[in-house]
Amino acid sequence: AAEEGFDLEEVEGDIAAAGHGPLPVLAVIGRPNVGKSTLVNRIIGRREAVVEDKPGVTRDRVTYEADWNGRRFKVVDTGGWEQDVLGIDASVAMQAEFAIEAADAVVFVVDAKVGATDTDEAVVKLLRRAGKPVVLVANKVDGPSGEADAAMLWSLGLGEPHPVSALHGRGTGDMLDAALEALPEAPAQTFGTALGGPRRIALIGRPNVGKSSLLNKVAGEERVVVNEQAGTTRDPVDEIIELAGKTWKFVDTAGIRRRVHLQEGADYYASLRTAAAVEKAEVAVVLIDASESISVQDQRIITMAVEAGRALVIAYNKWDTLDEERRFYLEREIERDLVQIPWAMRVNVSARTGRHMEKLVPAIETALAGWETRIPTGRLNAFLGEIVASHPHPIRGGKQPRILFGTQAGTKPPRFVLFASGFLEAGYRRFVERRLREEFSFDGTPIHISVRVRE
Ligand code: GDP
Ligand code: GDP
């Protein structure tokens with residue numbers, strides 16, 4: 001039970017801070033070397049996070065959490081890509097297209113010293129078509145003498161250019177004020193059921209694990225033939241599919257259908273595409289090729305979905321290819337590989353034979369149910385009271401930290417704030433999470449627990 005005299009009003013701010021729902025997404029786009037990564041570093045306030053010494057180093061991580069004036073949001077950095085993979089115009093266009101799709105608002109960075117180039121003009125066209133709010137940044141305005149260069153960018157027709165020096169921080173505060181004004185409170189992809197729309201699934205995984213095969217299987221063979229013949233027309237980005245009597249939206253399937261095969265830089269585009277799909281989805285279905293051992297890339301994709309806070313189903317595909325022996329070893333491999341996320345839903349399927357396809361939807365539904373679970377405060381505190389009584393925190397320095405009170409601050413995924421009388425050790429936190437999961441069955445969803453120490 002809640003501690004006597006616990007002042008709930010006093011901690012409201014803490015609860016609100018931990019309880020944010022899905023965060024709106026700000027994408028930072030622009031040509032190479034205009035200063036996107038430098039700006040993203042300014043925004044997230046962590047220098048080491050993004051900057052790489054080597055130009056053109058590909059990075060897996062493209063989204064970061066940030067806050068400004070107490071508002072939290074996500075930043076998509078598109079700075080870490082090989083500019084010469086496709087030729088500069090195509091690269092910038094492709095990168096911008098991915099990022100704009102995933103974003104709720106866009107920061108378009110132009111190098112004020114260089115001025116607007118043809119490539120910049122091409123991006124403006126994409127931005128117009130997308131219709132998302134845009135904040136135009138005139139970067140590399142390191143001092144007052146650069147202001148005139150910034151003013152030249154009015155010509156792009158995107159409204160006021162914000163003169164900024166990402167390198168020195170000049171003007172970045174004003175620019176962020178403008179960006180946050182443009183950014184909606186919640187992601188535009190309003191979370192499905194509230195509006196009665198279909199639930200959104202991101203089908204992700206590294207190349208050749210069977211994403212398109214699975215999509216074809218669930219969408220039905222005929223449709224696929226039609227799509228392939230359509231070849232020249234642009235594929236729909238999202239695919240609406242009926243499964244088990246319900247309507248589902250598979251987001252961002254164009255990347256799966258289109259089957260862009262690039263040699264260099266492919267990983268980076270794949271990461272960006274995956275991040276975009278995950279942002280738009282409620283549940284991620286990560287496909288893994290069961291005939292091979294899990295790879296670093298598979299792990300990264302799983303991490304991306306977990307860190308984005310999405311419900312998670314891991315589908316081991318190509319199950320038809322396994323012999324007895326491989327199956328035996330695979331089970332052990334899986335236990336080891338997924339040790340960090342024992343809560344993930346798991347299915348073993350074959351997109352080729354259709355094996356266990358009927359288990360996919362129930363797994364997705366379970367994961368979504370966990371993701372949306374809300375535990376009433378009274379029930380949560382009764383449970384926490386039991387834990388404190390039966391498994392108290394070890395005594396440290398003559399004191400015994402206690403959980404005083406807890407509340408669920410948010411869902412999608414579930415977020416909890418625990419108030420404690422002292423620092424709770426990592427081991428104890430993990431124990432509390434494990435017990436929470438056992439008690440309230442958060443299968444298939446990450447959960448967040450933050451602890452606030454009240455003196
Ligand atoms: P990206 O390719 O768009 O991500 O660009 P980077 O952030 O990697 O920056 C490219 C180069 O421009 C780097 O050498 C940065 O130090 C430099 N740069 C970035 N912002 C500024 C700025 O505001 N002023 C000046 N003078 N240089 C900058
Ligand atoms: P994607 O790159 O993830 O979209 O993968 P694809 O769907 O293109 O599949 C890659 C290859 O794996 C193709 O040759 C498929 O026929 C094959 N494949 C996909 N699913 C299965 C499966 O369940 N069993 C077997 N044996 N092969 C599969």
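User: How many bridges join strand S11 (residues 311-317) to S12?

Analyst: This is a predicted model, in which local features need pLDDT of at least 70 and side-chain atom pairs count only at pLDDT 80 or more, while totals for chains, interfaces and linings use all residues. Residues are numbered from 1 along each chain as its sequence is written, chains are lettered from A and ligands numbered from 1 in the order in which they are written. Strands (E, at least two residues) and helices (H or I, at least four) are DSSP runs numbered from the N terminus, and two strands pair if DSSP finds at least two bridges between them. S11 and S12 run parallel, with Val313 standing opposite Met345 in S12, and the number of bridges joining these two strands is 4.

User: Which are the edge strands of the open sheet of 6 strands?

Analyst: The order of this sheet is S8-S9-S7-S10-S11-S12, with mixed pairing. An edge strand here pairs on one side only, which applies to strand S8 (239-243) and strand S12 (345-348).

User: At about what angle does helix H14 (residues 360-372) run to S11?

Analyst: Axes are lines fitted to C-alpha atoms, for helices over the stretch in contact, and angles between N-to-C directions run from 0 to 180 degrees; residues are in contact if their C-beta atoms, placed from the backbone, lie within 7 Å. Helix H14 lies across S7, S8, S10, S11 and S12, and its angle to S11 is about 155 degrees.

User: Which residue in the hairpin of S2 and S3 takes a positive phi near 50 degrees?

Analyst: Strand S2 (residues 63-68) and strand S3 (residues 71-77) pair in the antiparallel sense over 6 bridges, and the bridge partner of Trp68 in S3 is Arg71. The hairpin has 2 residues between the strands, and the one with the positive phi is Asn69.

User: Is Lys318 buried or exposed?

Analyst: Lys318, in the loop between S11 and helix H13 (324-337), has a positive phi of about 65 degrees although it is not a glycine. A residue is buried if 20 or more other C-beta atoms, placed from the backbone, lie within 10 Å of its own, exposed if 12 or fewer, and partly exposed in between. Because Lys318 has 23 other C-beta atoms within 10 Å, it is buried.

Key: Contact = placed C-beta atoms within 7 Å.
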